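Here are my notes on the model, point by point. Please read them with the structure open.

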Amino acid sequence: MPAWYFLPLPIYALKVHRVSIGHPKLVTEVAAEILRTGPITFARFMELALYHPRFGYYMRQTEGASEERIGWSGDYYTSADVHPVLAQALARQIRQVDDLLGRPDPFTVVEMGAGKGLLARDFLAACAAGTDSFYHRLRYVLIERSPAMRACQQRHLAPWLDSPKTVSWVNELEELPTGSVTGVVFSNELVDAFPVHRIRIEQGEPKEVFVEYRDGRFEERLQVLSTLDLSESLRRLASLGVILPEGYTTEINLHALAWMKDVARALGRGFVITIDYGHTAQDLYGPDRPRGTLLCYYSQMASESPYSRVGLQDMTAHVDFTSLAITGEEGGLHVTGFTNQMSFLMGLGVERMLESLEPGSSEFQSVIQLLRPEGMGRTFKILIQHKGITEPQLDGLRFKPFFGSALTLSESKV
Ligand SMILES: C[S@@+](CC[C@H](N)C(=O)[O-])C[C@H]1O[C@@H](n2cnc3c(N)ncnc32)[C@H](O)[C@@H]1O
């Protein structure tokens with residue numbers, strides 16, 4: 001045994017590293033609501049943690065630090081931080097959409113939940129480099145819930161602030177009149193940031209996770225489902241062959257379904273392109289994920305603890321693309337295809353771009369990071385839906401991953 005084993009421990013070694021319960025003012029607000037109303041659903045808890053108007057994770061103004069939530073020095077990064085190639089591929093895809101729609105004027109791109117605005121910036125730069133009329137007909141509309149993120153978008157989109165015809169903001173999707181969008185509704189990692197309900201199967205019955213506040217801590221308790229919409233979602237899953245076993249805990253994203261309905265309403269003619277972490281319902285609710293997919297991100301580290309660092313960490317849950325597709329179909333949106341980021345980028349010619357880069361250069365490595373099949377290339381899925389156009393063929397869907405037809409819901413592709 002080494003001699004140092006017997007030395008007294010220095011005092012700093014005994015200090016217990018306590019993880020904060022969260023932003024003090026937010027914790028006070030959430031606790032006060034629970035004391036007032038009784039236990040709240042997990043969805044309400046997540047709504048407050050991320051989007052409380054003053055102290056929520058995304059909503060708080062923190063002098064220039066809004067950028068630090070997303071990015072290398074923040075809590076997590078997205079494809080937009082890695083390399084502009086995704087934005088460039090989208091620009092290529094959307095130009096093809098423009099041709100399919102007969103080059104309308106205006107051609108509108110609505111981006112929802114644009115975060116720092118990097119994808120928007122790189123997309124607009126790629127379009128501005130074109131020599132045809134597309135850029136002049138393009139209207140880029142951003143919808144962002146967080147004032148802090150919106151301010152950040154305005155910084156990154158500064159070159160376009162003098163052209164309100166090209167780039168503008170609206171507060172909510174509901175502000176867009178029915179059928180008013182001819183073009184594309186696009187999002188990257190928006191749906192996984194919507195508040196989710198959590199359910200657990202107990203004694204053969206689905207129960208819902210509620211959050212209470214006791215002895216200075218947030219704790220879970222199971223109660224009956226808070227809304228019939230959850231029972232309806234479970235019925236739909238059962239009709240797809242998804243039966244959750246005893247003890248299974250998972251998330252249901254009702255917000256995503258309401259959002260999809262509203263997207264379908266606002267789109268007159270064109271496409272919806274949704275990029276996110278996610279799976280088909282059968283995969284998401286399969287035996288591999290008995291505890292669900294809820295994860296929190298703080299300083300580039302993932303954890304399963306939503307009740308610490310409340311308001312100081314991001315919270316996400318993977319997306320059920322089958323339920324999104326079915327809801328879209330009910331609103332007149334047909335599935336064009338379902339793919340992953342790797343196949344999408346390959347279909348849009350990323351290999352040609354890689355050929356122009358020095359192998360081993362940091363730029364080359366960044367593009368590879370977006371393609372890597374055991375990483376971002378396969379984790380990120382892309383659902384494309386269309387309305388008002390017959391059997392469109394898109395380059396981004398040329399390469400079909402094995403699950404490519406998993407969301408084909410109907411024979412009709414109109
Ligand atoms: C995970 S971040 C993704 C950021 C960005 N798209 C990217 O790829 O870097 C989610 C963004 O969606 C925004 N958001 C969440 N719910 C929203 C809603 N209902 N309407 C508009 N924006 C929303 C958040 O404020 C945040 O900026």
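1. Start with Glu189. Glu189 is buried, because 21 other C-beta atoms lie within 10 Å of its own. The cut-offs: buried takes 20 or more other C-beta atoms within 10 Å, exposed 12 or fewer, partly exposed the range in between, with C-beta atoms placed from the backbone. Its phi is near 55°, a positive value in a residue other than glycine. Glu189 sits in the loop between strand S5 (181–188) and strand S6 (197–202). Helices (H or I, at least four residues) and strands (E, at least two) are DSSP runs, numbered from the N terminus.

2. On the source: this is a predicted model, where local features need pLDDT of at least 70, side-chain atom pairs count only at pLDDT 80 or more, and totals for chains, interfaces and linings use all residues. Residues are numbered from 1 along each chain as its sequence is written.

3. Now Gln203, buried or exposed? Gln203 is exposed, with 6 other C-beta atoms within 10 Å. Gln203 is not a glycine, yet has a positive phi of about 50°. Its loop runs between S6 and strand S7 (205–214).

4. Check the peptide bond between Asp105 and Pro106. It is cis, with omega about 5°. Pro106 is in the loop between helix H6 (85–100) and strand S2 (107–112).

5. Strands pair if DSSP finds at least two bridges between them. Strand S11 (residues 295–298) is joined to S12 by 3 bridges. Cys296 stands opposite Ser303 in S12.

6. Helix H13 covers residues 321–330. Its buried residues are Phe321, Thr322, Ser323, Leu324, Ala325 and Gly328.

7. Which residues come nearest to the ligand? They are Thr78, Gly113, Gly115, Arg145 and Ser146, out of 18 residues around the ligand. A residue counts as near if its C-beta atom, placed from the backbone, lies within 6 Å.

8. Overall, the protein chain has 17 helices and 16 strands. Buried residues make up 44% of its 414 residues. The C-alpha atoms fill a box of roughly 75 × 50 × 45 Å along the principal axes.
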